[in-house]
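Here are some notes to read alongside the model.

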Amino acid sequence: MFLNQKKIILGNWKMNQNLDQVRSFFEELETFGDISQGICPQAPYLSILENIRPKIGNFLVGSQNISSEASGAFTGETSIQTLSDFSSNFTLVGHSERRQLFHENDELLIKKINLSMEHGVGVVFCIGETLEQRESNRVNEVLSAQLTNVLPKVQNLKPELTCIAYEPVWAIGTGKTATAKQAVEAHRMVKSIISNSLPAKFSKTPILYGGSVKPSNAQELLENPEISGALIGGASLKASDFNEISRIAANIQA
Ligand code: PEP
C-alpha cells in the first residue's frame, strides 16, 4: 500500500464535516493516477464512503484512530475489525492530538500497531517535536525516542503497511509551516533513525510531512525527494484545496 514510491496525499478531517459536506467533498474530489490519495473521516462516515469513494486502488480510506484492544468491554471505542469491515485501508496512530489530549503513550501505540498489522491495515505513525523541544535543539532526540520506543517493539511490523508522518506539533493547526529546509532536515533524521533501528526492508518507508500544508506551500515542501507526501488537516476539508495540493504532487511526480 505504501511502498509504491508515489507521493501520498492524505487528509485528516478530525472531528469536522457533516454528512452533506462529506458527500459534496466526494462529488468535487479529483483523483490523479500518479499519486496516492486518502481521507480519514470521522468513523461513522466510513460506512457511506464505501459507496461514494473513488473505486480505484490508489485512493485510500483511513481511520483517525483505533482501539488498542481487539474487542470487549471498552465503551465508546471502535475496534480494528469494525474499521476494516468498512474498508479502512489504514489508520493514523500517535497523532499529536491523541498523544496530548488523550494521553496516549508508547505502550498503547505499540498495541494499536500490533492490531493493525494483524488485520492487514496500514499505519501512518505520527511523530513530531513541540516548539520547546525544537528551541532546545532536541529534535533528533525526540524523534529518535518516538520511533525507537515503538516501531522495533511491534510484532511483525510490515514494510508495505508502514508509513511515518513527521508533524511538528507547533505547526499543526497553527498556520505555521516548517520551512522546506526544516522539514527536509527532520525527514533525513527520521530516515537515518529508521535505518539504524529497523531492518533494511524498511529503507523505503515513506515519510510524510504534516503541519499547516496548504496549496500555497505544497510545492516547496513536496518537490523535495525526502518528503514522500503530506498529511493535511485544515486544508483537506475543502475539496478545491485538497485537489490543488494533489495536483501539485501529481505534477512533481510526473
Ligand atoms: C494534522 O492534523 O495532522 C495536521 C497536519 O493539521 P493541519 O494541516 O491543520 O496543520
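1. Which residues are buried in α8? They are Ala180, Ala183, Val184, Ala186, His187, Val190, Ile193 and Ile194. Please keep in mind while looking that this is a predicted model. An α-helix has 3.6 residues a turn, so residues three or four places apart point the same way. The cover over the buried residues of α8 includes the strands β5 (122–127), β6 (162–166) and β7 (207–210), along with the helices α7 (139–148) and α9 (215–222).

2. Next, the nonpolar core. The largest one has 64 residues, and the members touching the most others are Ile9, Phe26, Ile113, Phe125, Leu151, Ile164 and Tyr209. There is also a second, separate core of 13 residues, which includes Phe2, Cys126, Ala165 and Leu208.

3. Leu109 sits in helix α5 (residues 106–118). Its relative accessibility is 0%, so Leu109 counts as buried. Not counting residues up to four places away in sequence, Leu109 touches Val93, Gly94, Arg99, Glu104, Phe125 and Val150. Its C-alpha atom is separated by 7.4 Å from that of Ser68, a residue 41 places away along the chain.

4. Two serines in loops are worth a visit. Ser88 lies between α3 (80–85) and β4 (90–93); its relative accessible area is 7%, and it is therefore buried, the cut-off being under 20%. The side chain of Ser88 makes a polar contact of 2.7 Å with the side chain of Ser63. Beyond its neighbours within four places in sequence, Ser88 is also in contact with residues including Leu46, Val61 and Val121.

5. The other is Ser67, in the loop between β3 (59–63) and α3. Ser67 is buried, with a relative accessible area of 3%. A polar atom of its side chain lies 3.0 Å from the backbone nitrogen of Glu69. With neighbours within four places in sequence left aside, Ser67 contacts Glu77, Thr78, Lys112 and Leu115.

6. Now to the ligand. It is surrounded by 14 residues, the closest being Lys14, Glu167, Gly173, Ser212 and Gly233. Polar backbone atoms lie 2.8 Å from a ligand oxygen atom in Ser212, in Gly233 and in Gly234. On its own the ligand has 290 Å² of accessible area, and the protein covers 95% of that.

7. Finally, some backbone angles to inspect. Most residues other than glycine have a negative phi. Ser212, in the loop between β7 and α9, has a positive phi near 55°, and Ser212 is buried at 17% relative accessible area. Gln17 has a positive phi of about 80°, again without being a glycine. Gln17 belongs to the loop between β1 (8–12) and α1 (19–28), and with a relative accessible area of 12% it is buried.

Terms used: Residues numbered from 1 in each chain as written. Predicted model: local features only at pLDDT ≥ 70, side-chain atom pairs only at ≥ 80, totals over all residues. Heavy atoms only, no water. Core = buried A, V, L, I, M, F, W, Y, C linked by side-chain atoms within 4.5 Å. Buried < 20%, exposed > 50% of the residue type's maximum accessible area, 1.4 Å probe, protein only. Helix = DSSP H or I, 4+ residues; strand = E, 2+ residues; numbered from the N terminus. Polar contact = N/O pair within 3.5 Å; in protein donor to acceptor, adjacent residues only side chain to side chain. Contact = heavy atoms within 4.5 Å. Near = heavy atom within 4 Å. Areas by Shrake-Rupley, 256 points an atom, 1.4 Å probe, with all protein chains shown as cover.
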